[in-house]
Amino acid sequence: MSAIQFKESFMERTRTSGILLMLAAVLLLLAACDDGANQSSAAPAPPPPPEVGIVELQPRRVTLSMELPGRTAAYRIAEVRPQVTGILQERLFKQGAQVNTGDVLYQIDPNRYRAAYQRAEAELESAQAELRQAQRVWARDSKLFEKNAVSERQRDEALSALDGARANVSRSEAMVETARIELEYTEVKAPITGRTGPTLYTVGALVTANQAQPLARVVQLDPIYVDIQLPVEKLRRIRDALKGGRLAKAGPDQAEVVLLREDGAVYPHRGRVDVTDVTVNQSTSSVTVRGVFPNPDEDLLPGMYVRVQLSEEVREDAILAPQQGVSRNPQGEATALLVNAEGEVVKRQLETARAIGGFWLVEKGLEPGDRLIVSGLQKIRPGAKVKPVTADIPLHPTSNRQTGGTDSSTTGSSKEEDPVR
C-alpha cells in the first residue's frame, strides 16, 4: 500500500470512530433525560401523622376537702390538789398509770382529822342530850301553865330553851358532817378517769389545803380533741354542703374529719367536728373548730402537731384532667389540646378549680368522652392530623397528700399556713 492510500484509510477509520463516540454520547444523554423525567413524574410519599398519647376523660366521684394544721388537746385535764393540810403518808398509784374516778392517789395523815370527827360526834351527843332535857321541861311547863301553876313567862323561857337546844343539835350535826368530809379528804382521790403524770410531791411532804401547786395531773386521752383554725368562708361552704346533703355526716350537722400525722400517715380512726367557736379572729378571719377523735391506743398525746382533712363537698360527676395535658397561655388561662372524631387536633380553653394529686379539677371546657392529649404535644398544632395512642398513665389520683398551693387539694384538700406553730 502506498503512503497516500494508508493515510486515507487511517482518516476514514478516525471519522468512523468519532461518529460512533458521538452516537454513544447522544444515547447516554437521552437515557439520563428519560430517567430524570421518570423520577420527576413520581410524587414523594407524605410522612405518616405523628403519634400522640391520649386519655379518654370519664366522670368520677370526688370528695373535695381541705387540709389544715391543728394541735391535739386533752379531752379532760384534772389537777389533783389536797383539800386539807397534813403530811403525805403514802402514794398509792404508779406514775404514768391509768387510774379511774375515785381511786385513792395519796394518803394524808388522818389522825388529827379522825380526832376532830370524834370530838364533833361527842358534841352532837351532848347537844342531843340537852335537847331531850329541854323537851321534857317544855312538856312539863306546858301542862302546868294550863293549870295556872306556872307563869306565862316561865313557859316562854322553856320554849326558848327548847328552840336553842334544837339549834345546838343542828349545829353539832353540821360540825360532824364537816369533820367527816375533812377526814375523807385525807384520801386524795382521782377526780376523773385518765392517765397520771409525774408526781410533784413525795411521801413526808407537807401539803396545804387548796395550794397553788398540784400534787399530780390526771389527763383523759380517749377521746382526744384537735383544734383547727378554719377560714370563715370555708366554714360557710361546709355548712351549706351539710345542709344540701352533699357531704357525708358524722352526726347531726357534724362533718367528718380525717387526721394525718406529722409523717403524712393517715390516722386509722375518723373524727367529727364537735364544736365551733362563735367568735372570729380579726387578724386571721378564721374561727377555731374543735374536732374529736377516738384514741383507744393513746397514740395521740396533747400538744402534737397534726394535719386535718376536712371534707367540703362530694361531687358525683367531676372531670379530672392530668396536669401534663393542661398548659397556660401568656394570659394565664388554662388550655388543652384534644383529638376529635376525625383525628384532628383541636384546642380548648378550660376553667380549672384546684389540683387533686396530679390532676386538675375542670369546671368548664371538657366533657366526658373527650380525648385529651397528654404526650407528644411539642410536635403538633391545632388542625393537624395525628395518630392517637392510649397513654400509660393512672386515671385516678394516687396520692391523698396535697401537692401545694393555697387552693390545691387532695381528693381535694388545700394547704393553709400553720397558725399554731
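Two strands pair if DSSP finds at least two bridges between them. Strands themselves are DSSP runs of E at least two residues long, while helices are H or I runs of at least four, and both get numbered from the N terminus. With that in hand, β14 and strand β18 (residues 359-364) pair in the antiparallel sense over 4 bridges.

A quick note on what you're looking at: this is a predicted model, where local features need pLDDT of at least 70, side-chain atom pairs count only at pLDDT 80 or more, and totals for chains, interfaces and linings use all residues. Residues are numbered from 1 along each chain as its sequence is written, and side-chain values use heavy atoms, with hydrogens and water left out.

**The whole chain**
- You'll find 4 helices and 20 strands here.
- Of the 421 residues in the chain, 35% are buried (under 20% relative accessible area with a 1.4 Å probe, counting protein chains only).
- Take the contacts (heavy atoms within 4.5 Å) between residues at least 6 apart in sequence: 75% of them join residues at least 24 apart.
- The chain exposes about 24,800 Å², and carbon and sulfur atoms supply 52% of that (areas come from the Shrake-Rupley method with a 1.4 Å probe).

**Strand β14 and its partners**
- Strand β2 (residues 60-80) pairs with β14 over 11 bridges, in the antiparallel sense.
- Leucine 68 has valine 308 of β14 as its bridge partner.
- For isoleucine 319, the bridge partner is valine 362 in β18.

- Strands of a sheet pair through backbone hydrogen bonds, either parallel or antiparallel.
- β5 and β6 run antiparallel and are joined by 3 bridges.
- Valine 104 stands opposite lysine 189 in β6.

**Zooming in on glutamine 107**
- Glutamine 107 belongs to strand β5 (residues 104-108).
- Glutamine 107 is buried, because its relative accessible area is 14%.
- The glutamine 107 side chain reaches the backbone oxygen of threonine 186 at 3.3 Å.
- Leaving aside neighbours within four places in sequence, glutamine 107 is in contact with residues including Ile87, Leu88, Thr186 and Glu187.

Methods
Buried < 20%, exposed > 50% of the residue type's maximum accessible area, 1.4 Å probe, protein only. Polar contact = N/O pair within 3.5 Å; in protein donor to acceptor, adjacent residues only side chain to side chain.
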